[in-house]
Amino acid sequence: MLDTFAKAWKIESLRKKMLFTLFMLLIYRLGSHIAVPYMNSQVISQLFSGTSGSIFSFLDLMAGGNFRRFTIFAANIYPYITASIVIQLLTIAIPSLEALAKEGETGRKTIAKYTRYLAIVIALIQAIGYTFGFFQKAINATSPVEYATIILSIVAGTAILIWIGEQITEHGIGNGISILIFAGIVSRFPIDIMQSIRTVQIGQASPIFLVLFIIIAVAIVFFVVTLTEGERRIPVQYAKRVVGRKMYGGQATHIPIKVLMTGVMPIIFANSLTAIPATIAIFTGENTRNWITKWLTPNGGPGVVIYTIMTVLLIVFFTFFYTTIQFNTVEYSKNLQQNGGFIPGIRPGKPTSDYLGRTLNRLVMPGAIALSILAVLPTILTKASGLQFNYGGTSIIIVVGVVLEIHRVLEQQLLMRNYKGFLKRK
């Protein structure tokens, strides 16, 4: 991988793309230090003192600390991601959007425009919720103009991130949205590493646990790479057919079915639901808060067991649910039959659909179990060692996935520039 980056850096066009990506990330990091006006930073620190395990700590982790500091990027790029998911689901449900998606580049540009508009609306709703909800006590604003300034600052920050992400996708290396999330997660690495070292220095945790953490972190990365790259290839043969004087078909190919087809979506959905009790506890009285903390959050003795079991069950459920949405075996079987394709030894039509369904289910269960292990492992390690292990399955899969994606993009670019073709000039 390092050799690929070194070779790409020597090519001027790729070097410009890499430098452009770094420049966009620099703008993102500079914006991460611009605080929203009329906010009291000391009150914000107090608000986050008891949010461990809540949806707010999860949002702050994925936003690279922007949520905790309440900068202009507090909403981060997630309104755009939410809008993308909503538009994808609506494309399946609404025939006009489905027809638009099949129109090629023009249709994709129109759908991208709708996604941006919806993202701004979602960012506006989130900004209003933050201003008059969780952060209300930290606001020093008194007039409607000042409140409007706070809300528009958050919405403008999301709009800037959408623009940065699209610029990286068009002129840089890799997917811009993924790279922004990657940058936000990685930016927290030095802080958390220093906190772990400081915890060991003051005697609150054993140095052995710190060494074990490093070994486990390397093992997790290796495990995630294997999980991300793992796939089952189902052979497909296309029948030969004569059209005019030419013969078409006859080639053999395969259907790649990923072990981790759903990516991090099941973990995100599961973490969002399991974080609801801790979020509710923030706004309740002391007795209710203590009961919720003890029984329904990872901070309590019985709660950590209940929290772990619920997380595993939800991840398994969402893995099967999201895989069913992404990979429609009936439609896939129908498309194969219409194009003259078939799986050797399997009859076209319903037998092919049933075979794909059985194969998919056998792959989904190991993937769901692996995601569950990645999700609950940080909680178990934190309880066992006393060190704060913030980076769970979601963040590690994103970081590893983005690095692998950038590596693949650079390899493709290098292959295009070094490929000489079959004909060589003598």
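## A charge over a ring

In this predicted model, the charged end of arginine 29 sits over the ring of tyrosine 28, 5.7 Å from the ring centre. A charge is said to sit over a ring if NZ of Lys or CZ of Arg is within 6 Å of the ring centre and within 35 degrees of the ring normal.

Some notes before we go on. Residues are numbered from 1 along each chain as its sequence is written. Local features need pLDDT of at least 70, side-chain atom pairs count only at pLDDT 80 or more, and totals for chains, interfaces and linings use all residues, while side-chain values use heavy atoms, with hydrogens and water left out.

## Aromatic pairs

A pair of aromatic rings is described by the distance of the centres and the angle of the planes. Rings of Phe, Tyr and Trp (its six-membered ring) pair if their centres lie within 6.5 Å; planes under 30 degrees apart count as stacked, over 60 as edge-to-face and the rest as tilted. By this rule the count comes to nine aromatic pairs. Phenylalanine 67 and phenylalanine 135 form an edge-to-face pair, because their ring centres are 5.2 Å apart and their planes stand at 75°. This pair links distant parts of the chain, 68 residues apart: phenylalanine 67 lies in helix α5 (residues 66-69), and phenylalanine 135 in the loop between α8 (105-132) and α9 (144-171). Helices (H or I, at least four residues) and strands (E, at least two) are DSSP runs, numbered from the N terminus.

Strands of a sheet pair through backbone hydrogen bonds, either parallel or antiparallel. In this model, three strands form an open sheet in the order β4-β1-β5, with antiparallel pairing. β4 (252-258) and β5 (341-342) are at the edges with a single partner strand each, so one side of each has no neighbour in the sheet.

Two strands pair if DSSP finds at least two bridges between them. Seven bridges join β1 to β4, and arginine 232 stands opposite isoleucine 257 in β4. Two bridges join β1 (residues 231-238) to β5, where phenylalanine 342 is the bridge partner of glutamine 237.

## Salt bridges

A salt bridge is a side-chain nitrogen of Lys or Arg within 4 Å of a carboxyl oxygen of Asp or Glu. How many are there by this rule? The count comes to nine salt bridges.

One of them joins glutamate 231 and arginine 233 (2.7 Å, N to O). Glutamate 231 also forms a salt bridge with lysine 258, with the closest N and O atoms 3.8 Å apart. This second pair connects strand β1 with strand β4, across 27 residues of chain.

## A nonpolar patch

Trp291, Trp295, Leu296, Val305, Ile306, Ile309, Met310 and Leu313 make a nonpolar surface patch of about 740 Å². Patch residues have over 30% relative accessible area and no salt bridge; like charges are joined within 9 Å, nonpolar side chains (Val, Leu, Ile, Met, Phe, Trp, Tyr) within 5 Å. Which helix gives the largest share? α16 does, with five residues.

Technical notes: Accessible areas come from the Shrake-Rupley method with a 1.4 Å probe; for residues, only the protein chains shown count as cover.
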